[in-house]
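Here are my notes on the model you asked about. Please read them with the structure open.

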Amino acid sequence: MDKPWLSRYPDDVPETIDPDQYQSLVELFERSVRQFSDQAAFINMGTVMTFRKLEERSRAFAAYLQNELKLKKGDRVALMMPNLLQYPVALFGILRAGLVVVNVNPLYTPRELEHQLRDADIETIVIVSNFASTLESIVKNTPVKHVILTSLGQMLPRARGTMVDFVVKYVKRLVPKYHLPGAISMRQAIRKGRRLQYVKPYLEGEDVAFLQYTGGTTGVAKGAVLTHRNMVANVLQAKGAYGPVLREGRELVVTALPLYHVFALSVNCLLFIEMGGANLLITNPRDIPGFVKELEKHDVTAITGVNTLFNALVSNEDFHTLDFGHLKLSVGGGMAVQRAVAEKWKKITGTHLLEGYGLTECSPLVAGNPYDLTDYSGAIGLPVPSTEARIVDEEGNVLGSDGVGELQVRGPQVMKGYWARPDATREVMTEDGWLSTGDIVRFDELGMLYIVDRKKDMILVSGFNVYPNEIEDVVALHDKVLEVAAIGQTHEVSGEVVKLFVVARDPSVTKDELIAHCRQYLTGYKIPKVIEFRDELPKSNVGKILRRVLREENEANMKNKS
């Protein structure tokens, strides 16, 4: 298939990158800590950790894992914590020991946690004490032998850390009682590791760096096997796409998305480590007033997030008063960026909210809007350097650039496969390396990619395809709407009708008012027939609205009524 996007790349964005520029993430890390040793690497709760401190602590942690726990190259270590200074220390310690990082969502239920620990055959876990009771409830059913515990304040200066831990445990009561005999504190592990010899393992690009589990929203969670080469490639692809507006050693990126999510892991943590930038870690991004106060203290130059996060920020009055004079890069991913949010973001901050697109299976970045975009495009952008994209029909036939069908991608960032699931791997990957994304897309004449929708989310009304993203984007333009989700509801005549779930910004909004609004922008069969107002919508751990949950709840309610 032709490559219509190549002509749209900004002149200073390379067409390709060299995924073998670094032999491993460890080599990338070592180069940066040498070059930027005394600069800030991570900032959290008012505390700065330099590249030098990160190197020292991660080296000690790696030595502890190698010598005290006797872990061998390729062993898997679970990492279960929110955005804290301990996260990058543990992350790079695990990688530097030649081990495999298995990120775990701290909000997992016991059932979800047990599945992941068993599936990845985890013997060692690093976990924050707030979630230790969840581990305690299922640890006997897993292979876990070693538990390394930390607390929210453990890596802060002693007085501040003690206060944070006291408030969290005894005032806010966010640390349920737990009993994990034999667990060691991360502080003690690092202290021991400082007296032990660290031996740098030999790592190649094809060695596994991460088992990154998918969200599990389409079935049982599966571990995407991401190699050092996959991750290095994606860091360099992101740098190729956005590097022209960033300066080495002089950037500060807001990291509100959790680092255990592959978007923040790659585009925030690893990219800004490579560029000598600093990550401002936000531990609790749901506390929008606290988040805004933290932003007020810093000259932020970049920010990433999901649409719901940006929507919450632009809806906060204090956010409007901040100084955005240093901000030059704003990137949204994980879900569609809505026009209404993007336009408000630009009006307040003066920067465009650039939508990106990726999948866990692609480390994750696949495409992004070019940094020189001058207005909201509604597109997911251009394939990043060294990424091929094509469109196929339901039979797998390759369509031209004017077709509409499923997006397939190929590039050095595409995973090796799913952990211990060869059948699931064959379902999504061809022998020659093409990954089926499950997203329905089209190209425009400039080569910009547009998501039409997920195949599974498509609504079929009297034989016509209706795509929820389009409906939601229109409804979100209404001033009285805060959040919206669209699903298909079974109908005896048309097969399905469009149903909306709406969180109102202004409680005076009515169903008739929204339907009249939709009639201005949508053809008849796309007009919502059912509208339900809610106080909130179900979301994933990174703030993505879960249509699947809404569909399941709606189907159950309809069965009960019948």
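The points below cover basis, domains, a sheet, a helix and salt bridges.

1. **Basis.** This is a predicted model, in which local features need pLDDT of at least 70, side-chain atom pairs count only at pLDDT 80 or more, and totals for chains, interfaces and linings use all residues. Residues are numbered from 1 along each chain as its sequence is written, and side-chain values use heavy atoms, with hydrogens and water left out.

2. **Domains.** The assignment for the protein chain gives domain 1 (45-203) and domain 2 (457-560). Such bounds come from an automatic or database domain assignment. Over C-alpha atoms, the two domain centres are separated by 41 Å.

3. **The sheet.** Three strands form an open sheet in the order E25-E26-E27, with mixed pairing. Its edge strands are E25 (481-491) and E27 (530-533), each pairing on one side only. Neighbouring strands are turned by 25° against each other on average, direction ignored. Strands are DSSP runs of E, at least two residues; helices are runs of H or I, at least four; both are numbered from the N terminus. Two strands pair if DSSP finds at least two bridges between them. E25 and E26 (residues 495-504) are antiparallel, over ten bridges. The bridge partner of His 491 in E26 is Gly 495.

4. **Helices on the sheet.** H14 (residues 468-476) lies across E25 and E26, at about 140° to E25. H15 (residues 511-519) lies across E25, E26 and E27, at about 130° to E27. Contact means heavy atoms within 4.5 Å. Axes are lines fitted to C-alpha atoms, for helices over the stretch in contact, and angles run from 0 to 180 degrees between N-to-C directions.

5. **Helix H9.** Why is H9 (residues 262-274) largely enclosed by the rest of the structure? Because 13 of its 13 residues are buried. Buried means under 20% relative accessible area, exposed over 50%, partly exposed in between (1.4 Å probe, protein chains only). Just after H9, Gly 276 takes a positive phi of about 70°.

6. **Salt bridges.** The count is 30, where a side-chain nitrogen of Lys or Arg lies within 4 Å of a carboxyl oxygen of Asp or Glu. Arg 229 and Asp 20 meet at 2.9 Å, N to O. This pair links H8 (residues 228-242) to the segment before H1 (25-35), 209 residues apart. Arg 229 is partly exposed at 24%; Asp 20 is partly exposed at 48%.

7. **Glu 532.** The side chains of Glu 532 and Lys 499 also form a salt bridge (2.9 Å, N to O). Glu 532 sits in E27 and Lys 499 in E26, 33 residues apart. Glu 532 is partly exposed at 24%, whereas Lys 499 is buried at 5%. Glu 532 forms a salt bridge with Arg 534 too, at 3.0 Å.
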